[in-house]
Each structure stands twice: as C-alpha cells, then as structure tokens.
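Opening the notebook on a new model today. I wanted to look up the nonpolar packing and the charged pairs.

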Amino acid sequence: MDKPRDEVDWSAIRSDFPILGERAHGHPLIYFDSAATSQKPRAVIDALRDYYEHTNANVHRGLHVLSSRATEAYERSRERVAQYLGAASAEEIVFTRGTTESINLVAQSWGGKFLREGDVILLTEMEHHSNLVPWQLIAQRVGARLRFVPVRDDGTLALEELPSLLTDEVKLFAFTHVSNSLGTINPVAELCRKARAAGVLTLVDAAQSAGHLPLNVQELGCDFLAFSGHKMCAPTGIGALYGRAEVLDSIPPWQGGGEMIVGVTLEKSTFKKAPHRFEAGTPHIAGAIGLAAAIDYIEQIGRAQIFEHDARLAQHAIEGMTALAGMRILGPAGQRGAIVGFVMNAVHPHDLTTFADRQGLALRGGHHCNQPLMKKFGLPGTTRASFYFYNTIEEVDRMIEILRAAVRFFA
Ligand SMILES: Cc1ncc(COP(=O)(O)O)c(C=O)c1O
C-alpha cells in the first residue's frame, strides 16, 4: 500500500542528493530545471561506483566471473524496467540512450519497414523536437506525411478533432504524455484506445512522465513508449523503449554490429530476437544498472506520492506567480505536471534566467525544443520552472521573491 504524501519525509529525501548542498553565486542552489535533467541520489551514484569497483566487464560474450556478473546485473535491470513500466516481459524492453534514440529506433526500423508513400503519421503540435524531427526524416525518405492534433489556447489538445484526424492513411500516432513546455498531462489511455479502434499504432513519449507519475503500459494500451533515465534520477546516456512484443518482433534491426547477431558471414548476417537485435555494440551497462537503482529509489518513495508532491509545488508556484505584474503562465489551469512555463512582459526569458541564476535559482529560458509550439503561441520562448520531489515549498517562495525583484529590476 502506498504511503500518503504526508508520511514521506521529504526533507530527509533532500539529503540523499549531495548536489543540492551546492551554492551558486554565493546563494544556496535552488534547482528548478529537472525537466531538462534531474539530480541524482546517492543510491544511484553508489550503484555506479559499486558496479565499476566490483562488476565491470563486457556483457553477453565472456565466460568469466565478472562477465557473468555484469550480464546478470544488466539483464536484471531490464527486468526491473519491465516491472516498472508494467510490461508483459523483459523482452519488450530495449535499452537505448534515451527518449530521442528510442523514437529514432521506431521511426527508422518500424517506419522504414511499414511506412509507404501517402501514409500519415499523426503527431500533436506540442511535441518536443525529439518526437517530431525523427518523423520528418522518415516521412521525407518514404514519401509519408505528418499531421497534427492542434493545441488549444489553454495548452490542452483539441481532442474533438481526433475522429477527423484518425483517417485510414494514419499508421501511427505518436504523442507526449506530459508536455515539457506547458505541463499538460495528456489522456494517454483514451488516445491509445481511440487509435487502436482505428487500427493505428501508438507511441508515447514518456520523457516527462516516467519518473513523475504511476504508469503502466498495458493499462495505457500503447504499442511503444519511450523514456530517458536522466530525467528520473538515473545517469545520462541510458533510457529505454518499450515495444509490445508482437510489434517489436515484427521490425528489423536499425543499427548493425556486435551483440545483436546470431551468425555473420562476409555476405550477410542473421539476427537475435528482440530486444537484443536492437542493441548493437557494447551497451551502457553501468547506465542500465544505475537506472535500476533509480527505479528502486523512486519506487521506495512512490510515484503517486511524487506526483502529488510535484503538483502541490506547481500549484503553489502558479498561485504566487499569478499575483505578479505582467505575468502570463502557459498551460492548463487544472491538473498539470511539475512544469510551469511563463513569460513576463518586463523581461526576455534569457535575461530573466540569467537574473535568476545570479540569485542561485536555476531556471531554463528558451524554446525548450518546442519551436513550432512557441511559434503557435507567438512567443520567442518562455522561462520554465520545473520541479521534482526534492524541491520544497520554501524554494518556490524564494523563486516568487526573485521574480518579484525581477519585475522591479527590469521595469
Ligand atoms: C517531452 C520530451 N520528449 C523528449 C525529450 C528528449 O529527451 P532526451 O534528450 O533525454 O532524449 C525531452 C527532453 O527534454 C522531453 O521533454
């Protein structure tokens, strides 16, 4: 049974993150840039050190103690990811460098095999460039087209348009779970259900949700799901692609090399089954082990508790920010992820982010890899505060003070 949010010792959790004790420009660091990358708890840092001190060897090929240990730990991590996502089996988990690589794998491998001229890939206007550019590339290669679910002014998807968008030409619908600029939480299960009813495969970009809220791929009913470890306490350079077994088994390798073959002659090769045929070359073994440690850490807190905590921070931030002169907050008024994107009349996002940094507050300013969305809203960019479970209400209050000071400074 999950603990209620109030029973989690949030301040003890902070002390698990050594970096949160840093100072920036003489001020205690306030890190509100977790949507870009999260900080890492000691449990993950220790797991990496432990791996290199006691286990390090290449996987799958060696007949010695360390290689067996490394292989077991690597494959155990795959099982851990499968459990975490609610996948039917570990064979449905491909380790990748992260969300971007996972989506490129599907675009190149699935798209390369199944997409034909005139086919349509349905996306939304709120996609991160990672869930847009790979589709542009494959569409150009095979003569397919892209179509988009519009975003309404309040930052939600125009779902009423879905029936007219999900036509026979649509072969795949790829969309984000949580928007990295707006904080919008899309109704994934509903979108997957509608796509499946129309015979359309789905890919969920879970970069901003996998570490923030409970999710289960079988309950969501998606065919693919991509996420990045570094946004959920794990090291950079590791992430995964979930692919429903039937779909994953139907697609060819996308990169060739060692590890992914059964046999090789000078002329041709035969390939392992999924997921191994998608993991050419030496994988990020330490990263996979770090990812499993991050999952253990997150689950010990509880994803429902993390979501509630993050939502409370976002809500508190919005209440305080709404009172500031010339403030426009993007995204839905109701439930949202741990992300608050905003613009202030008085100051350009880059200047504001620099101003905040001088006070020890790490925000992010710019287009957040959402250039088409920014264009739609008529903005050059926004400033974004993004929270995680190690942030506090006091830090949010300090941010409001800094923003208030910015209004005075730039007036
Ligand atoms: C919604 C979304 N999708 C994809 C990505 C890309 O993730 P990565 O750079 O880890 O591959 C991000 C990163 O910010 C994101 O926010």
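My entries on cores and salt bridges follow.

I am working from a predicted model, where local features need pLDDT of at least 70, side-chain atom pairs count only at pLDDT 80 or more, and totals for chains, interfaces and linings use all residues. Numbering runs from 1 along each chain as its sequence is written, and side-chain values use heavy atoms, with hydrogens and water left out.

**Cores.** I looked up nonpolar cores, meaning buried Ala, Val, Leu, Ile, Met, Phe, Trp, Tyr and Cys residues joined through side-chain atoms within 4.5 Å. Buried is under 20% relative accessible area, exposed over 50%, partly exposed in between (1.4 Å probe, protein chains only). The largest core has 78 residues, and Leu85, Leu225, Phe227 and Phe389 touch the most other members. Helix α10 (residues 285–301) gives the largest share, 11 residues. I also noted a second, separate core of 28 residues, with Ala314, Val347, Val396 and Met399 among them.

**Salt bridges.** My criterion was a side-chain nitrogen of Lys or Arg within 4 Å of a carboxyl oxygen of Asp or Glu. The whole structure gives 20.

Arg78 pairs with Glu75, closest N and O atoms 2.8 Å apart, and both are buried. They sit about one helical turn apart because they are three residues apart in helix α3 (residues 65–85).

Glu125 bridges to Lys376, also listed at 2.8 Å between the closest N and O atoms. This pair links distant parts of the chain, 251 residues apart.

Glu299 meets Arg303 at 3.0 Å, N to O. Arg303 counts as buried at 12% relative accessibility, while Glu299 is partly exposed at 35%. Shared partners join Arg80, Asp296, Glu299 and Arg303 into one network.

Technical notes
Helices (H or I, at least four residues) and strands (E, at least two) are DSSP runs, numbered from the N terminus.
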